[in-house]
Every structure is written in structure tokens, then in C-alpha cells.
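I opened this notebook to keep track of what I looked up.

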Amino acid sequence: MPITVEERLKWWQEARFGMFIHWGLYAVPAGVWKGQSVPWLGEWIMRRAKISIEEYEMLAPQFNPVAFDAEAWVQLAKRAGMKYLVVTAKHHDGFCMFDSPSNPYNIVEKTPFKRDPMKELATACTKHGIKMCFYYSQAQDWHAPGGAGHWEGYSDGEKPSPEDFQNYLDTVVKPNIRELLTNYGPIGLIWFDTPVVITKEQSESLRDLVHELQPECLVSGRVGHGVGDYASMGDNAHPAGRVEGAWETPATLNHTWGFKANDNHWKSLDYLLNLLVNCASKGVNYLLNVGPTAEGVIPQPSVELLEQMGEWLKRNGEAIYGTSPTPFPVDPDWGRVTCKGKTLYLLIKQWPAEDLHLMGLRNQVRSARILGAPEVAVRIQQNKDSVALTLPPVAPEKKISVVALDLDGPPEAEQIIIQDRASAVTLPMHVAVLNGDISVSGNGTAKGWKDPLPSASWHFRLHTPGVYRATALIQVDNKTPEPSLTHELKIEIGDERITAPITVEEADASESAERFQIKRCPMGHVHIGSAGENVLRVSATRISENSGDGLRLVGIELVP
């Protein structure tokens with residue numbers, strides 16, 4: 001009987017957290033070419049510095065990672081609480097980091113190292129109970145004839161002919177996939193990337209080849225055309241709300257994937273844990289990258305950050321591994337929620353000075369416990385649409401603490417935004433009712449809102465009527481910079497109408513800044529005269545002509 005996608009995904013959805021490793025010849029220049037620092041990602045230096053094939057090949061004799069220790073890498077993944085390891089068997093530069101009988105451009109034949117690190121990693125993964133997985137660039141190949149992305153040999157600079165590309169798939173890619181799925185034992189998944197010129201039929205043929213060779217091996221969504229076993233969000237993307245199906249966020253510890261000597265912009269432990277719990281609360285796996293040096297050493301800041309994550313997971317992993325996404329339509333202000341069976345996990349980022357409130361739970365709470373501090377009592381008071389928890393005055397964790405609620409059945413929640421007493425009300429785009437030709441991206445931003453015709457509306461329950469300050473939350477992207485923009489938005493709620501210009505400031509484009517940033521744009525005040533259920537509608541009366549992406553609305557915030 002053929003294995004189903006659900007059966008294939010079972011281990012992966014239990015795992016939730018994996019290690020990504022970008023390692024190849026690009027670690028030799030480490031972001032610097034002929035004395036000049038090359039902007040952007042370390043593994044893209046061949047393209048960004050326009051290095052010829054002949055020049056790039058000369059990096060191979062310099063690549064001798066004598067400090068490489070597969071045991072140390074895998075043990076680090078284990079200490080970090082990671083359950084699978086995805087390593088670059090071949091990136092876009094076309095260099096095979098394994099002993100490929102079909103492709104002499106590989107680490108065993110072309111470098112003084114003469115060893116197969118993929119074989120050593122596979123052995124260590126088996127020993128330590130980590131799933132071994134491979135990254136493989138199936139379409140972009142800047143070295144092999146017929147691969148997409150060449151600037152040598154193609155008059156259009158990017159696209160090979162369909163015949164050349166098919167020949168590349170047949171003579172380079174498929175033999176490599178056979179080798180990876182034949183010579184290294186059971187493989188958890190093949191992480192394909194950047195499908196660019198590949199056709200749907202070609203993506204399907206790669207997926208089918210993987211499943212033919214190893215039926216239990218997953219195929220990532222970046223094989224192209226939605227034919228993979230699971231989907232991939234954008235790099236470092238924070239999912240805004242629950243997602244349908246199986247998804248994963250690939251993320252970096254600094255700004256690059258492959259090692260760059262000058263990239264010391266390490267993310268904080270706060271940031272990394274926040275992304276971990278945000279992904280888990282949406283049902284999304286978290287694949288976190290390290291970029292080893294040309295000597296085979298994982299940078300010490302990476303090691304320290306991962307070990308700190310692992311220490312947190314030792315105490316709180318119950319709220320991450322094997323969990324399902326939040327049953328609530330929006331995240332509470334104090335943190336995130338996951339669930340498993342009849343247990344609801346409250347991942348609390350902001351420890352309350354008074355009682356913590358959970359709004360909209362339909363279940364009865366039978367008991368509550370604090371992970372890592374089971375001896376501490378938690379008092380429970382359950383009201384009509386909220387649960388109040390009296391917690392100790394000091395959080396048990398420095399970063400994110402977890403309270404587990406044992407319920408009378410599988411968690412159920414009201415699918416409406418409910419105000420927590422007299423607190424602010426946030427109305428995010430990912431739960432808005434949309435009118436007109438607009439949509440919402442996976443990170444919760446409006447897409448295609450380039451004229452005044454569309455609108456978005458929210459249904460919410462207010463506990464405290466009164467005057468609220470309205471703020472529009474707008475996303476900016478520092479990879480596609482725009483000047484300060486002025487849109488004009490209108491809010492309607494009951495008999496109230498306010499129309500206001502909003503000025504969206506430019507993105508922070510400094511080297512240490514995050515790519516996607518939220519700008520808060522005040523709109524004025526609205527009076528909401530009655531408690532109970534209300535509907536707020538927002539529309540645009542003018543979209544700035546200077547905005548290429550239109551109105552990138554993330555939501556509306558109402559603050560009393």
C-alpha cells in the first residue's frame with residue numbers, strides 16, 4: 001500500500017525544530033572578493049561578484065576543512081533541541097559537497113580534503129537520533145551547462161533553452177538525487193530550492209523520483225509548482241496566523257546563510273525564541289541555519305545561541321514538539337498558544353503584574369501547571385468568555401514561560417476577536433473579511449491594495465466602550481525601499497467615521513536592520529459607544545502614487 005503524505009509528514013510535524021547548514025566553496029572567500037566586501041548573502045558571492053567559472057573553480061584547491069567534526073555538528077543540533085539536520089549537498093554554485101560518481105566537480109575529487117562530509121554527517125545523525133536531510137539546488141546551477149542562472153553561454157543572461165535545461169536535469173540533477181538517496185541511508189527530506197525555470201512536469205518528475213527511491217522521504221515545497229509534500233514560507237518570515245497544511249520557515253542566526261567573515265549581526269536569544277514559539281503556535285516548522293567556516297567550524301556565537309535555545313527547550317519543549325497550532329483566531333498580547341491532545345500551552349512573553357487572561361476558551365479548565373516549576377500553584381477563575389489565572393509574581397523563565405492548562409476535551413475557542421477587559425484591541429489583516437481584489441500574504445500583509453476600491457472589516461467583541469486612538473500598522477521592506485508615503489484611510493464603526501492621511505516612513509536600511517518592519521501611523525480617535533459585538537471597516541480614499549506595492553496594511557490597533 002503506498003505511503004500517504006500524512007504518514008510521510010508524521011515525524012516532521014512531531015520534530016518542529018531543525019538545523020539548516022549552508023556550507024560550500026563560498027566559505028573560502030567568506031564574503032570578500034579581491035579585497036572588496038561583497039554585499040548580500042555569502043553563498044551568492046559567485047553571482048554577486050560576477051566571478052567566472054574558471055576563477056571560482058580555483059577555490060576548490062583552497063578548501064580543506066581539517067577542523068570539520070560531524071559528531072560535533074550533530075551533537076550541537078541535539079543540544080539545541082533540534083530533531084533534523086538539512087545540509088547543502090549542492091548549492092547554486094554547482095559544487096557537490098559529497099562524493100558524486102556522476103559529477104567530478106565535488107569535494108572528494110577537487111579539494112585536498114578528500115573526504116565525504118555527507119557520509120560522516122549521516123553516520124553521526126543515525127548514532128544520535130537526528131534525521132539526516134539534504135538541501136539540493138535543482139534548477140539554479142552557475143557551473144553546469146544547462147543550469148539556470150548562468151551569465152556565461154546564454155545570450156539572455158539567465159535562461160537556458162528548454163532542451164538544455166532538460167538535459168541538465170537528466171545528466172546532473174537526477175543522477176545526484178539517486179546518489180543522495182542510495183548511498184547515505186534513510187533520508188528525511190530533500191530540500192529543493194528556487195525552482196525558477198522548472199516546469200510543473202519537471203517538478204513532478206523530481207518529486208516522483210525521490211518517492212520512488214525512498215517512499216518515506218519528504219520533498220520540500222520549493223521543488224516548484226506546489227507539488228511538494230509541504231510548503232516553505234519566505235526566508236525569516238513570521239507566520240501571521242494559523243496556516244492550512246504543512247509549512248516551514250527557514251531562518252538565519254545573522255543576515256547570511258553561507259559564512260561571511262564580516263557578518264556579526266547575530267540575532268538575540270529573545271528574537272530566536274520568539275520566532276520558535278510563533279512558528280509553533282501557527283503549526284509551522286522552524287529550520288534555523290548555521291554557516292560553518294571554510295575550516296569546518298560553526299562560529300562560536302551560533303554555538304552559544306543554539307545551546308541557550310536548547311536549555312530553554314529542555315524545560316519547555318513539551319509546548320513545542322508534536323503540538324498543534326493555536327485554536328484562537330488571533331494571538332493574545334501576552335504571548336502565543338499551542339496545544340496537544342487535551343492540553344493548552346500558554347507561552348507567555350510578557351509576565352503579568354496581575355492575573356493573566358485568556359479570552360474565548362470554550363472548554364472547562366481542570367488544572368494548570370507551570371512547566372519547569374510544577375510545585376507552584378496556579379489559581380483558576382473561569383468566567384463567561386475568559387479564564388483568569390493567578391500566577392506567581394516572578395516569571396520562572398527569563399524569556400518565555402509556559403503554563404499548561406489541562407482541559408475537559410480537545411481545545412475549542414470562539415472565532416471572534418475579544419477585548420481583554422479595557423486593553424487595546426488589535427485587528428490583524430490575516431483575519432479580516434476582504435472586499436475587492438486584494439489578498440493577504442503569509443506574514444499578514446495586504447497584497448495588491450493599489451486603488452481605493454477594496455476594503456477590510458473585522459467583527460470583534462468589546463468589553464469597555466469609550467474613545468479609542470486608532471493606528472494603522474503598515475509594513476515596509478528595506479529590500480525594496482520607497483520614499484516616505486502618504487496614503488489616506490477611512491475608518492467606519494457604527495455611526496463613527498474618521499478619514500485621515502497617514503505617513504509611512506521609509507524602512508531602516510542599515511546593515512543590522514530586519515528586512516520587514518512595521519510602521520505605526522496614527523489616524524485619530526473613534527468613539528465606540530456600546531459594549532458587545534462591533535464591526536470596524538477600513539478603506540482607502542487615496543493610495544500614494546509613489547508606492548510600488550500599494551497599501552501594505554498589517555492591521556488596525558485601537559488603544560483606549
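**Ground rules.** I am reading a predicted model, where local features need pLDDT of at least 70, side-chain atom pairs count only at pLDDT 80 or more, and totals for chains, interfaces and linings use all residues. Residues are numbered from 1 along each chain as its sequence is written, and side-chain values use heavy atoms, with hydrogens and water left out.

**Aromatic pairs.** I looked up the ring pairs and found 18 in the structure. Rings of Phe, Tyr and Trp (its six-membered ring) pair if their centres lie within 6.5 Å; planes under 30 degrees apart are stacked, over 60 edge-to-face, the rest tilted. I went to Trp11 and Tyr84, an edge-to-face pair at 5.5 Å centre to centre, with 80° between the planes. Trp11 belongs to helix α1 (residues 5–15) and Tyr84 to strand β4 (residues 84–90), so this pair ties together parts that are 73 residues apart in sequence. I took helices (H or I, at least four residues) and strands (E, at least two) as DSSP runs, numbered from the N terminus. Both Trp11 and Tyr84 are buried. Buried means under 20% relative accessible area, exposed over 50%, and partly exposed in between (1.4 Å probe, protein chains only).

Next I checked Phe20 and Trp191. Their ring centres are 4.9 Å apart and their planes stand at 55°, so I noted the pair as tilted. Phe20 is in strand β1 (residues 17–21) and Trp191 in strand β6 (residues 189–192), 171 residues apart. Phe20 is buried at 1% relative accessible area. Trp191 is buried too, also at 1%.

I also noted a cluster: ring pairs link Trp23, Phe63, Phe68, Trp73 and Phe113.

**Charges over rings.** Here NZ of Lys or CZ of Arg must be within 6 Å of the ring centre and within 35 degrees of the ring normal. I found the charged end of Lys83 over the ring of Tyr321, 4.5 Å from its centre. Lys119 lies over the face of Tyr184, 4.8 Å from the ring centre.

**Gln300.** I placed this residue in helix α10 (residues 300–316). Gln300 is partly exposed, at 45% relative accessibility.

**An open sheet.** I traced four strands in the order β19-β29-β24-β27, with antiparallel pairing. Strands pair if DSSP finds at least two bridges between them. At the edges stand β19 (425–428) and β27 (516–528), each with a single partner strand, so one side of each lacks a neighbour in the sheet. Strand β24 (residues 466–477) pairs with β27 over twelve bridges.
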